[in-house]
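This report describes the overall build of one protein and then turns to a single position within it.

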Amino acid sequence: MRLKPGLLFAIATSLVACSPPPTPPPDANNNDSSTMDAADSASPSDAGNESATDVPSDVANPTTIAEIPIGTTERVMGLDGPVDVVIDRNGWPHIYASSVRDVAFVQGFLCARDRMPQMEMLRRLASGTLAEAFGSLSPTLIEQDLAIRVVGLRRAAQRMWDATPMNTRSRTILEAYSRGVNRWLAGIRDGSRASPQGTELVVNESTQDWTPVDSLTIARYQSYSLSYDADSDISRSELRTRAETRFDMANAMTDPALAARRGFVLDFLRFAPVSAEATVPDFYSTSGMMQQYRPDVRAPRLSQRVFDNARGFLENAKRAAEFLGDQTRGSNNWVVHGSATMSGAPILANDPHLSLTSPAVWWGVHLTIATGADAVDVAGTAFPGIPWVVIGYNRRVAWGVTTAGYDVTDAFAETIVPCTMGGGDCVVHNGGQVRIETLTERVPTGPGTFYEARFEVVPHHGLIMPTIRDRALVPRTGTTAISIAWTGNQPTTELEAFLDLSYARNVTEARAAIRRFGVGAQNFVVADVEGNTAYQSSAIIPVRGAGALTFVSDPTAMNAGTGNSPCFVLPGDGTADWNGNVPLDQIPQGTGSATRPFFATANQDQAGVTFDNNPHNDRHYVGCDFADGIRQTRIAERLRMGTRVTVEDMQRLQGDKVILYGRKLRPFLQAAMTRLEAEWATPGTHPELATLATTLRPRQAALRDAAMRMMAWSLDGASGVPHAMTESVTEAERTDSIATTIFHGWIVKLTDLALGDEMVALGYGRRSWSSEQGRAVVFLLENENAMSPAQRPRTGNVLWDDIATSSVTETRDYVLLRAFDEALTQLAMTTRTSDVTMWRWGSLHTLTLNSIVPGPGASLSIPPSSDTMFPSGFPRGGGVEVVDASHPGISDFDFRYGSGPSQRFVVELTPTGPRGFNSLPGGQAFSRGSRFHRNLMELWRRNQYFAVPRTEREVVDARDSRLRFEPM
């Protein structure tokens with residue numbers, strides 16, 4: 001799905017108008033006045049630093065790090081010892097120190113050097129202080145700040161910091177990392193350093209010092225963006241309420257078309273995936289089914305006014321979360337046991353799908369402490385603003401992560417009454433009353449100006465969602481409100497989990513480390529040099545009260561669609577409250593072997609709890625909103641091919657662009673075209689198509705040609721556009737790219753024509769629920785008679801019929817064919833040609849890494865709009881739900897996309913140590929003048945990799961420059 005360009009898109013125009021022009025470069029070889037910045041990447045040192053020493057580069061080839069000439073020496077008070085840094089040819093720093101304090105200090109310093117504007121934007125976003133810096137340019141930013149204050153990321157971070165014991169590694173690392181960042185910021189204040197051109201409004205002399213709470217706030221933001229789904233729960237409840245009112249209660253005599261859609265929610269909001277492929281399908285099958293009393297608890301009845309009041313919060317909270325990627329963000333990972341690899345060593349792969357922005361989401365680093373109790377050697381990628389390594393490997397163990405999708409957020413409908421004692425308002429809970437508490441925060445709206453925000457809190461659930469409108473909180477009225485409970489409000493130990501992983505010596509120790517992971521649940525795959533592999537997921541997953549799990553999802557039941565589910569708004573009366581957590585050993589996991597040669601995850605249902613469309617009847621309820629399983633199915637197909645795999649095979653799999661949705665949907669188009677051809681040849685053969693056949697006859701040749709292209713399509717989502725003027729594409733790639741274009745145009749029209757009329761009837765836009773519409777259409781096609789219980793006769797067929805055309809009864813084939821015809825017409829308009837051979841997918845399906853800083857910072861996009869060959873972005877293959885994630889969405893004919901593989905990581909765990917490979921979109925440095933700004937982009941967009949240096953000799957051979965930090 002596309003991502004709106006830039007975090008502060010709303011203020012881009014204001015920044016352009018109000019910002020000073022960029023400072024001209026001081027010389028032709030450096031676009032940044034600070035030689036400490038990566039803009040002068042050959043000598044990343046500080047201008048004005050009295051200890052800087054230039055060393056000629058024409059020395060004999062070194063064989064050790066100590067022999068590499070030192071380009072810069074930085075003297076720092078408080079270091080435990082000297083710290084050497086080798087910047088390799090890809091811009092990754094390799095940091096060698098004698099203590100965790102020193103290695104974290106230098107990591108903070110170097111990350112600030114490369115990414116401080118990104119870190120500052122994340123800090124303000126997660127803390128709710130965007131308006132403080134930009135409120136005068138875009139006053140509505142206060143609404144986003146208020147929404148993020150409701151979520152409470154900084155409050156949670158402060159609790160985490162307060163709970164961090166003294167004299168622990170994590171506390172030492174957080175403090176030292178902050179000191180390193182502040183050392184770099186000091187140069188901004190004294191003028192010896194400068195923020196990259198175009199980012200001066202983000203980082204300047206007024207930028208506040210960094211603190212450990214800032215790092216934890218960003219960490220909690222990561223958790224929030226990957227686990228907080230209150231908006232989905234509330235949106236589903238609103239749709240359910242509208243459908244019950246509009247369809248289920250319709251009069252069959254006066255509104256037969258509406259009444260025919262009774263039970264629509266069960267047709268539309270499916271829990272079962274499109275493709276059922278679990279990671280550990282037997283995990284719960286041997287542990288017994290959940291035996292639990294199911295009380296007759298009614299679902300809350302909320303008025304439209306309650307939903308309307310929530311909209312301001314939900315929209316702003318979602319906007320904040322989408323800095324890392326939109327609702328389609330996800331990831332792939334897998335680990336293959338040595339019994340199934342060519343070398344006999346395990347191979348692990350991971351490609352997390354997040355925003356594709358400039359700068360990249362990840363920052364590569366290698367941290368080494370040679371001796372002592374803190375000795376470590378860990379390489380991988382980190383989030384800017386957070387110390388250590390998130391995805392990577394040490395000398396013996398490697399790990400990768402994907403979002404698990406467990407349900408850890410609930411929305412509760414609170415009944416509010418006057419307190420019987422002491423005045424004020426209370427909520428009804430467990431037959432009694434609980435007083436609503438208040439929380440007040442001063443939210444800056446600009447330099448020196450503040451808004452006093454007063455939030456209401458239900459002590460046993462969480463904050464009440466306020467009404468946010470016209471840059472303020474609207475005082476609550478009425479007797480019903482929605483509160484939000486999220487596991488991220490409590491202190492957890494994710495940083496400790498990653499620290500322990502970096503010290504793990506084998507898979508057993510790695511799995512113990514993962515158990516410390518609490519919020520923003522991840523699917524971990526791990527492997528070690530001894531040949532062991534495992535899959536492990538860990539999270540704080542609440543055990544819900546029996547009243548939360550009464551939803552009847554069987555459409556044939558007489559009470560179908562009734563009851564409660566954590567996927568909707570729950571009653572706040574105590575019947576659905578949280579009662580402890582799911583035990584960690586009862587969360588999906590497993591160990592690899594020759595009989596279980598691989599584990600793979602792609603954000604899908606890990607254990608198959610939703611495969612029966614009922615997520616509430618297994619031993620534990622863990623979630624209902626997983627990915628549709630298509631990517632997982634393709635990965636599993638490739639890994640089950642029976643041949644021993646290599647690193648190169650895993651790299652090719654990460655770049656796989658086969659569109660399995662085409663395999664699912666194409667047969668239905670083929671069958672419809674066969675019937676259309678029969679009606680053309682012998683009118684009356686298919687009378688339901690007679691009118692349409694007459695309408696389409698003038699375009700018979702074009703429809704036949706497009707249909708033949710679809711049937712001949714290999715399902716490869718080829719771009720069909722070369723990467724450069726000097727390159728070419730094959731005839732097969734060109735023909736596949738045309739079919740890929742036609743397919744994507746068709747599914748946009750198909751989902752619209754099939755269910756757009758129902759969306760309009762419910763008061764939404766035609767494509768308001770495009771991803772859900774897509775899943776529902778697949779189910780309708782594959783299960784024509786599945787939704788036909790006695791009380792809802794032939795609902796499945798009715799959904800093909802357009803509510804708005806009472807004189808025509810549209811059938812499934814009618815909709816399939818009309819969508820195909822309309823897609824061809826729209827594609828001709830979009831491409832500005834009716835010549836189908838010019839419909840190359842890569843000319844429409846493009847990617848630009850948009851700068852996170854709008855206005856003057858837009859020149860930091862990759863490629864910039866001034867790029868002579870790709871001014872509209874890089875041509876890309878792929879498409880809807882492919883392994884090489886590049887989903888353009890199915891809501892319209894704008895097929896650009898903005899989220900996907902934020903890195904591609906493959907590592908082989910050989911007995912002599914890991915061999916790691918990576919591919920990052922863009923580069924390390926957020927500075928246009930640096931050769932590390934976009935140096936890795938060419939590899940990434942060609943699905944190619946670079947070897948990550950790890951041993952001393954590898955680092956020396958890959959050296960670009962060396963700098964040194966010495967104690968004063």
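This is a predicted model: local features need pLDDT of at least 70, side-chain atom pairs count only at pLDDT 80 or more; totals for chains, interfaces and linings use all residues.

## Overall architecture

The protein contains 25 helices and 34 strands. Its radius of gyration is 28 Å, close to the 30 Å that the globule rule gives for 968 residues, so the protein is as compact as a globular protein of that length. Along the principal axes, the C-alpha atoms fill a box of roughly 90 × 80 × 60 Å.

Among contacts with a separation of 6 or more, 72% join residues 24 or more positions apart.

## Burial and surface

Of the 968 residues in the protein, 63% are buried. The accessible surface amounts to about 34,700 Å², and carbon and sulfur atoms account for 52% of that surface.

Pro-615 lies in the loop between strand S26 (598-601) and helix H14 (630-639). Its relative accessible area is 1%; the cut-off for a buried residue is under 20%, and Pro-615 is therefore buried.

When residues up to four places away in sequence are left aside, Pro-615 touches Phe-271, Val-609, Thr-610, Tyr-621, Gly-623 and Cys-624. Ala-828, by contrast, is 213 residues from Pro-615 in sequence and 44 Å from Pro-615 in space, C-alpha to C-alpha.

Notes:
Residues are numbered from 1 along each chain as its sequence is written. Side-chain values use heavy atoms; hydrogens and water are left out. Helices (H or I, at least four residues) and strands (E, at least two) are DSSP runs, numbered from the N terminus. The radius of gyration is taken over C-alpha atoms; the globule rule is 2.2 Å times the number of residues to the power 0.38. Buried means under 20% relative accessible area, exposed over 50%, partly exposed in between (1.4 Å probe, protein chains only). Contact means heavy atoms within 4.5 Å. Accessible areas come from the Shrake-Rupley method with a 1.4 Å probe; for residues, only the protein chains shown count as cover.
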